[in-house]
Amino acid sequence: MGAVRTQVGIVGAGPAGLLLSQLLHNAGIDSVVLERHSRAYVEGRIRAGVLEQSTVDLLTDAGVGERLHREGLVHGGIEIALDGRRHRIDMKALTGGSCVTVYGQTQIQKDLFERRLADNAKIVFEAAPVSLHDVESDRPSLRYLRDGAEHRVDCDFIAGCDGFHGICRASIPADRLELFERVYPFAWLGILADTRPVSDELIYTSSARGFALFSMRSTRVSRLYIQCTPDEDLNEWPDDRIWTELQRRLGAEASAGMETGPSTDKSITPMRSFVAEPMRWGNLFLAGDAAHIVPPTGAKGLNLAVADVRVLAEAFDAFYRAGRRDGLDAYSATCLNRVWKAQRFSWWMTSLLHRFPDRSAFDGRVQRAELDYVLGSAAGQQALAENYTGLPFAG
Ligand code: FAS
Ligand code: PHB
């Protein structure tokens with residue numbers, strides 16, 4: 001069996017694993033990244049699109065922000081459409097200057113891979129299956145198969161950045177792991193299209209037919225979602241039907257002049273809220289979707305993964321630089337404080353804007369009253385704005 005020695009063994013080359021590897025490299029800390037898929041597969045996944053300012057700042061400080069600043073679209077507001085009318089929420093004014101940047105997760109993956117490989121990072125693609133060993137000892141290790149040969153990575157720490165369907169979470173004893181979950185009775189059908197976005201900023205749409213989101217990846221590429229049933233059959237949704245439904249949910253006047261065209265990607269994203277506590281077990285540290293999932297309505301998933309990695313990289317740096325363990329010992333509580341605030345906001349945005357199939361008449365009136373309150377209240381909009389653009393980091 002081939003064996004290598006490193007300081008931090010990272011499982012998963014998504015945004016969490018790759019950014020952690022980059023931050024550690026910049027701090028002079030060695031890591032090895034094990035990824036089950038190919039680079040092309042990882043780069044090809046269409047996922048998040050909205051970055052908090054703190055995410056932009058961290059990517060910039062990490063040395064992977066050059067194209068992000070050149071191509072990212074900075075937005076000072078979002079719109080909420082209701083009954084065919086569009087209401088702009090001026091987040092920049094309401095938060096004293098905070099904005100978000102629209103830049104696809106696909107591009108972040110490409111920027112991170114390019115930088116990591118330019119720095120001769122040790123990333124093993126198509127490493128499967130990966131297994132974790134002795135995570136409670138001070139000599140944990142990872143094992144994996146590649147080209148029929150077994151390999152071992154001896155390390156000080158393991159970072160579980162392998163997403164919701166990964167294996168790392170299962171290394172925490174089931175009787176010590178507390179899971180919190182809410183599965184929503186709907187999903188999002190999402191398309192990409194090479195069409196001019198209907199608006200300069202995102203439009204979150206609440207309608208009697210269900211939720212719709214008008215987002216983008218550039219001034220020439222639209223990213224669009226409609227609420228659908230969790231078991232929706234994509235074959236029953238040709239492009240024309242999707243475009244018609246988008247226009248019906250936004251309303252004729254608000255969608256006037258909407259450019260339509262063939263989709264270049266079509267997928268269904270299930271909707272759940274999920275948290276696993278604790279995020280640390282011995283020398284295993286979970287980060288990103290491996291530890292938590294939010295419904296994408298609040299655009300928090302990717303931003304939470306980056307926030308976890310920021311805390312973890314600082315903790316590893318303090319350990320290797322000064323022998324301090326306080327950051328490592330506080331890691332789970334520090335991350336969960338932010339995770340639960342993002343969970344609350346994502347649940348609130350989802351509850352505010354989606355049509356729940358089992359809702360009572362009372363539920364419907366309360367949901368409408370909540371929407372009318374937010375759209376008519378500076379305080380209500382300020383609360384939305386400060387959560388959407390990203391809460392400040394404690395300390
Ligand atoms: P990721 O899942 O991105 O990465 C985990 C990596 O680990 C993957 O590359 C995987 O191949 C690898 N891996 C898994 N198991 C492994 C194993 N056993 N061994 C080795 N490697 C393994 N967020 C938003 O904010 N807005 C959105 O619109 C949005 N849309 C989404 C759509 C979909 C379909 C999904 C699944 C998620 C979406 N998200 C969205 C959330 C998403 O952006 C995540 O928050 C983000 O990818 C989290 O990054 P990671 O934690 O790195 O996990
Ligand atoms: C996206 O552009 O993919 C996107 C934007 C905002 C969200 C969810 C997804 O809340």
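# Reading this model, feature by feature

Colleague: Let me start with cysteines: how many disulfides does a search of the whole structure find?

Modeller: A disulfide is a pair of cysteine sulfur atoms within 2.5 Å, and the search of the whole structure finds zero. Cys161 is in no disulfide, and its nearest cysteine sulfur, that of Cys168, is 7.8 Å away. Cys335 is not in one either; the nearest cysteine sulfur there belongs to Cys161, at 11 Å. Before we go on, this is a predicted model, where local features need pLDDT of at least 70 and side-chain atom pairs count only at pLDDT 80 or more, while totals for chains, interfaces and linings use all residues. Residues are numbered from 1 along each chain as its sequence is written, chains are lettered from A and ligands numbered from 1 in the order in which they are written, and side-chain values use heavy atoms, with hydrogens and water left out.

Colleague: Thanks! Are Cys161 and Cys335 buried or exposed?

Modeller: Buried means under 20% relative accessible area, exposed over 50%, and partly exposed in between (1.4 Å probe, protein chains only). Cys161 has 6% relative accessibility, so it counts as buried. Cys335 is buried too, with a relative accessible area of 3%.

Colleague: Now the sheet. In what order do the six strands stand?

Modeller: Helices (H or I, at least four residues) and strands (E, at least two) are DSSP runs, numbered from the N terminus. Two strands pair if DSSP finds at least two bridges between them. Here the open sheet has the order S9-S3-S2-S13-S20-S19, with mixed pairing. S9 (122-124) and S19 (280-281) are the edge strands: each has a single partner strand, so one side of each is left without a neighbour in the sheet. Further in, S13 (residues 157-160) and S20 (residues 284-286) run parallel, joined by three bridges. In S20, Leu284 is the bridge partner of Ile158.

Colleague: How do I read a ligand site? Which residues come nearest to ligand 1?

Modeller: A residue is near a molecule or strand if one of its heavy atoms lies within 4 Å of it. Around ligand 1 there are 30 residues, of which Glu35, Arg45, Arg47, Gln105 and Asp289 come nearest. Next, look for polar contacts (pairs of N or O atoms within 3.5 Å; within protein, one must be able to donate a hydrogen and the other to accept it, and residues adjacent in sequence count only if both atoms are side-chain atoms). Oxygen atoms of ligand 1 lie 2.7 Å from a polar side-chain atom of Arg45, 2.6 Å from a side-chain N or O atom of Gln105 and 2.9 Å from a polar backbone atom of Asp289. On its own, ligand 1 has 990 Å² of accessible area, and the protein covers 87% of that (Shrake-Rupley method, 1.4 Å probe; for residues, only the protein chains shown count as cover).

Colleague: Which elements give two or more residues to that shell?

Modeller: They are helix H1 (15-26) and helix H8 (301-322). H8 gives the most, with three residues. By class, the shell around ligand 1 has 14 nonpolar, nine polar and seven charged residues. Here Ala, Val, Leu, Ile, Met, Phe, Trp, Tyr, Cys and Pro count as nonpolar, Asp, Glu, Lys and Arg as charged, and the others, Gly among them, as polar.

Colleague: And how many residues surround ligand 2?

Modeller: The count is 14, and the closest are Tyr204, Ser215, Arg217, Tyr225 and Pro296. Polar side-chain atoms of Tyr204, at 2.8 Å, and of Tyr225, at 2.6 Å, lie by oxygen atoms of ligand 2. A polar backbone atom of Thr297 is 3.2 Å from an oxygen atom of this ligand. The protein covers 97% of the 280 Å² of accessible area that ligand 2 has on its own. Strands S16 (212-216) and S17 (222-228) are the elements giving two or more residues to its shell, which divides into eight nonpolar, three polar and three charged residues.

Colleague: Back to H8: what does the side chain of Asn303 reach?

Modeller: Asn303 lies in H8 and is buried, with a relative accessible area of 3%. Its side chain reaches the backbone oxygen of Val50 at 3.0 Å.

Colleague: Last one: which residues are buried in helix H11?

Modeller: An α-helix has 3.6 residues a turn, so residues three or four places apart point the same way. In H11 (residues 378-388), the buried residues are Gly380, Gln381, Leu384, Ala385, Asn387 and Tyr388. At the start of H11, a side-chain oxygen of Ser377 comes within 3.1 Å of the backbone nitrogen of Ala379. After H11 comes Gly390, with a positive phi near 110°.
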